Amino acid sequence: MAGLEFYLDEMPGETRAVVTQNGDIHTLYIERDSDRPENRLGTQLVGRVVRVEPGLKAAFIDTGAGEPFGFMSLPKAVHLTEGQKVRVQVTAEIRESKGPALKYLGEEQGDVRILSAGPCVAEILRDMAGGQTIITGLQAVEMSFQAEEEVRSTSVIRSEVGLDLAIQRTRALIAVDIDYAPLPGRDSRKGREAVNRFGLNEAARQLRLKHWGGIIAIDLAGVAFQVDSILNLAKAVFAGWNGVAVGPLSRLGLLQISVPWTYTPLDERLAHKDTAMLDSLRRLHHAILSDRATPVYELVCGPEFGKKLAPFVYALGPRARLVANGPSGQFIIRQG
């Protein structure tokens with residue numbers, strides 16, 4: 001695809017990869033040193049059957065990462081018993097209180113163990129980039145901050161095309177509202193087709209960026225639609241996605257789309273207790289990279305974070321220093 005740029009922000013404790021197209025951020029991947037490879041998308045491993053659920057035609061599998069256990073739907077001809085060893089692959093990472101979703105690959109023997117780990121963030125980015133240049137350093141850090149800010153946002157305004165989009169994740173589904181944004185000098189409501197076309201493309205970008213899936217309910221701009229036209233447009237927008245189902249469309253313009261879950265949703269990753277700590281480390285790294293003249297930058301934190309941050313700050317080099325006697329729960333970057 002034209003206009004793609006790839007950024008790799010490797011930092012002690014966390015690695016981020018960002019993909020942009022024509023200036024728009026399309027993907028952010030986050031991987032932390034504390035992540036368990038047993039839960040990583042694509043990992044193949046030997047697991048132990050913990051519990052069989054005949055009514056669901058499914059089983060819960062101990063993958064070696066502890067609870068919550070993995071959930072696996074069973075093929076019709078497969079019958080498992082508790083304690084049995086099976087070969088499985090992670091098809092969706094952990095989210096909320098749910099363990100990873102697993103695919104049954106066959107019977108196995110031996111201890112619970114990883115057979116082959118799924119690709120890490122750096123490997124995913126290199127595969128996407130092919131032979132293209134991957135941008136690192138200060139530019140990658142700044143793009144990482146920008147991507148995080150966009151992930152946290154729940155609205156998008158594109159005044160140039162008259163689009164006002166809101167997107168929100170609930171416990172049951174993802175709600176998307178496509179509406180009109182004011183266009184200087186003309187009535188934006190006359191461009192309903194363009195607004196919905198841009199809105200569907202923007203909805204797809206937001207879903208991919210945030211790693212959201214499940215049932216997507218999209219409230220289109222306007223009423224009285226040509227059903228076939230809207231469904232064909234939606235199918236074209238999501239044509240490159242695996243496992244997506246489009247439709248139905250209600251008379252009032254509510255479109256339903258089903259998108260499989262894959263990666264852990266980024267809103268959950270960013271809500272993790274370590275996010276503020278790692279963001280402070282990234283701000284320290286940014287200060288060091290953007291200001292070559294200052295001999296030392298200090299990260300001031302409360303004593304409760306000192307032990308955890310110490311090896312990360314040390315890994316940033318001699319210009320980084322940790323001061324662990326600051327206010328509890330606060331992170332301050334200052335010149336040393």
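I take a contact to mean heavy atoms within 4.5 Å. With that cut-off I went through the contacts between residues at least 6 apart in sequence, and 63% of them join residues at least 24 apart. The model I am reading is predicted.

**Entry: the whole chain.** I looked up the secondary structure and found seven helices and 19 strands. The C-alpha trace spans about 65 × 65 × 40 Å along its principal axes. I noted an accessible surface of about 16900 Å², with 51% of that area belonging to carbon and sulfur atoms. Of the 336 residues, 47% count as buried.

**Entry: charges.** I counted 39 positive and 40 negative side chains. The centres of these two sets lie 2 Å apart.

**Entry: helix 2.** I checked the length of helix 2, which covers residues 138-152 and has 15 residues. From its first C-alpha to its last it reaches 22 Å, close to the 21 Å expected at 1.5 Å a residue. Which residues of helix 2 are buried? I listed Ala 140, Val 141, Met 143, Ser 144, Ala 147, Glu 148, Glu 150 and Val 151. I kept in mind that an α-helix has 3.6 residues a turn, so residues three or four places apart point the same way. Two acidic residues, Glu 148 and Glu 150, are in the buried list.

**Entry: Asp 62.** I found Asp 62 in strand 5, residues 58-62. Is Asp 62 buried or exposed? Its relative accessible area is 15%, and the cut-off for buried is under 20%, so Asp 62 counts as buried. Leaving out residues up to four places away in sequence, I found Asp 62 touching Gly 47, Arg 48, Val 50, Phe 69 and Val 112.

**Entry: His 211.** I placed His 211 in the loop between helix 3 (192-210) and strand 14 (214-219). The relative accessibility of His 211 is 8%, so this loop residue counts as buried. What does the side chain of His 211 reach at 2.7 Å? I found the backbone oxygen of Leu 28 there. Leu 28 is also among the residues that His 211 touches, not counting those up to four places away in sequence. From that list I wrote down Thr 27 and Tyr 29, together with Trp 261, Tyr 263, Thr 264, Pro 265 and Leu 266.

Notes:
Residues are numbered from 1 along each chain as its sequence is written. This is a predicted model: local features need pLDDT of at least 70, side-chain atom pairs count only at pLDDT 80 or more; totals for chains, interfaces and linings use all residues. Side-chain values use heavy atoms; hydrogens and water are left out. Helices (H or I, at least four residues) and strands (E, at least two) are DSSP runs, numbered from the N terminus. Buried means under 20% relative accessible area, exposed over 50%, partly exposed in between (1.4 Å probe, protein chains only). Accessible areas come from the Shrake-Rupley method with a 1.4 Å probe; for residues, only the protein chains shown count as cover. The place of a charge is taken as NZ of Lys, CZ of Arg, CG of Asp or CD of Glu. The expected span of a helix is 1.5 Å times one less than its number of residues. A polar contact is a pair of N or O atoms within 3.5 Å; within protein, one must be able to donate a hydrogen and the other to accept it, and residues adjacent in sequence count only if both atoms are side-chain atoms.
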